[in-house]
Amino acid sequence: MISTKDITFSYHKDHIFHMPDVFCQAGNTLLVTGNSGKGKTTYLHILAGLLKPASGQVTIDNIDVTKLSEQKTDAFRGKNIGVVFQKSHFIASLTVLENLEMVSWLATGKKHTKRAKNLLEKLDVLDQATKLVSQLSVGQQQRVSIARALMNKPKVLLADEPTSSLDDKNAEKVIDLLENLAKEYQAALLIVTHDSRIKQRFTNQITMV
Ligand SMILES: Nc1ncnc2c1ncn2[C@@H]1O[C@H](COP(=O)(O)OP(=O)(O)OP(=O)(O)O)[C@@H](O)[C@H]1O
């Protein structure tokens, strides 16, 4: 479960973002929509603990993440929050499988190879496991990104424009996967998007204005 209260943030003192409160239960999906430049990615980074808000609370399973030190935030994110970034950042010299194992190893000291392979299979990219991520198509990379975000069985799954570079068929596939896997892992799924194809599917939405 993730919820926020009265979050404000500013990159420069002349503009303050007042973020809408969000609430999303385990296994449920919430869309955060809004036009370009309204602060959706900024909000996702606050929810992931990558940016510190000026004020307000981000509560994940009764812990206010904004109150944690930088080091504790990193550890908390590793164990509890999966992020599918708008542009995937993989370790270029590692294979698809190794990238997943690395995420697990950093959080737990174990590679959890079986879990990584299982996720790649679910996302239909197990046959790509020994390739470098740069050798995959955009759609395949997006699916590996989802697998990586789920590696540590997060309580919260955050996805930033997960369908922006996908055609209709692959966009639908990715959204199905995100929704089904979030349910299966009982993660609260929060998707930041202005993709009308996604907006048609989910009633639980808040809009940033
Ligand atoms: N690192 C930064 N430093 C300063 N300003 C920034 C930074 N990142 C984003 N901004 C500004 O903050 C505003 C919100 O950006 P953000 O990327 O959060 O919007 P968005 O709603 O996700 O947009 P889009 O839908 O186009 O991705 C924009 O005006 C942007 O220029």
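**Ligand shell**

I started with the shell around the ligand in this predicted model, and the largest share of that shell, three residues, comes from H1. I looked up which elements matter here: strand E1 (2-12) and helix H1 (40-47) each supply at least two residues of the shell. For the labels, helices (H or I, at least four residues) and strands (E, at least two) are DSSP runs, numbered from the N terminus.

Ground rules I noted: residues are numbered from 1 along each chain as its sequence is written, and side-chain values use heavy atoms, with hydrogens and water left out. As the model is predicted, local features need pLDDT of at least 70 and side-chain atom pairs count only at pLDDT 80 or more, while totals for chains, interfaces and linings use all residues.

Which residues are around the ligand? I listed Tyr-11, His-12, Phe-17, Asn-35, Ser-36, Gly-37, Lys-38, Gly-39, Lys-40, Thr-41, Thr-42 and His-194. By class I get two nonpolar, eight polar and two charged. The classes are: Ala, Val, Leu, Ile, Met, Phe, Trp, Tyr, Cys and Pro nonpolar; Asp, Glu, Lys and Arg charged; the others, Gly among them, polar.

**Polar atoms at the ligand**

Next I checked N and O atoms, using the polar contact rule (a pair of N or O atoms within 3.5 Å; within protein, one must be able to donate a hydrogen and the other to accept it, and residues adjacent in sequence count only if both atoms are side-chain atoms). Thr-42 has a polar side-chain atom 2.5 Å from an oxygen of the ligand. For Ser-36, a polar side-chain atom sits 2.6 Å from a ligand oxygen. Tyr-11 puts a side-chain N or O atom 3.3 Å from a nitrogen of the ligand. How much of the ligand does the protein bury? The ligand taken alone exposes 640 Å², and the protein buries 58% of that. Areas are from the Shrake-Rupley method with a 1.4 Å probe; for residues, only the protein chains shown count as cover.

**Aromatics**

Tyr-11 made me look at rings. A search of the whole structure gives two aromatic pairs. Phe-9 and Tyr-11 are edge-to-face, with 4.8 Å centre to centre and 85° between the planes. Tyr-11 and Phe-17 are also edge-to-face, at 6.3 Å centre to centre and 90° between the planes. My cut-offs: rings of Phe, Tyr and Trp (its six-membered ring) pair if their centres lie within 6.5 Å, and planes under 30 degrees apart are stacked, over 60 edge-to-face, the rest tilted. Phe-9, Tyr-11 and Phe-17 form one aromatic cluster.

Buried or exposed? I used under 20% relative accessible area for buried, over 50% for exposed, and partly exposed in between (1.4 Å probe, protein chains only). Phe-9 is buried because its relative accessibility is 6%, and Phe-17 is buried at 11%. Tyr-11, at 47%, is partly exposed.

Away from these rings I also found Arg-148 over the face of Phe-90, 4.1 Å from the ring centre. The test there is NZ of Lys or CZ of Arg within 6 Å of the ring centre and within 35 degrees of the ring normal.

Most residues other than glycine have a negative phi. Asn-62, not a glycine, has a positive phi of about 70°. I placed Asn-62 in the loop between E5 and strand E6 (63-64), and it is exposed because its relative accessible area is 74%. Gln-186 has a positive phi too, near 55°. Gln-186 is in the loop between helix H6 (168-184) and strand E9 (188-192), partly exposed at 47%.

**Other spots I looked up**

Gln-128 is in the loop between helix H4 (113-122) and helix H5 (138-150). Its relative accessibility is 7%, so Gln-128 counts as buried. The Gln-128 side chain makes a polar contact of 2.8 Å with the side chain of Lys-131.

Ile-60 belongs to strand E5 (residues 55-60) and is buried, at 0%.

Terms used:
Near = heavy atom within 4 Å.
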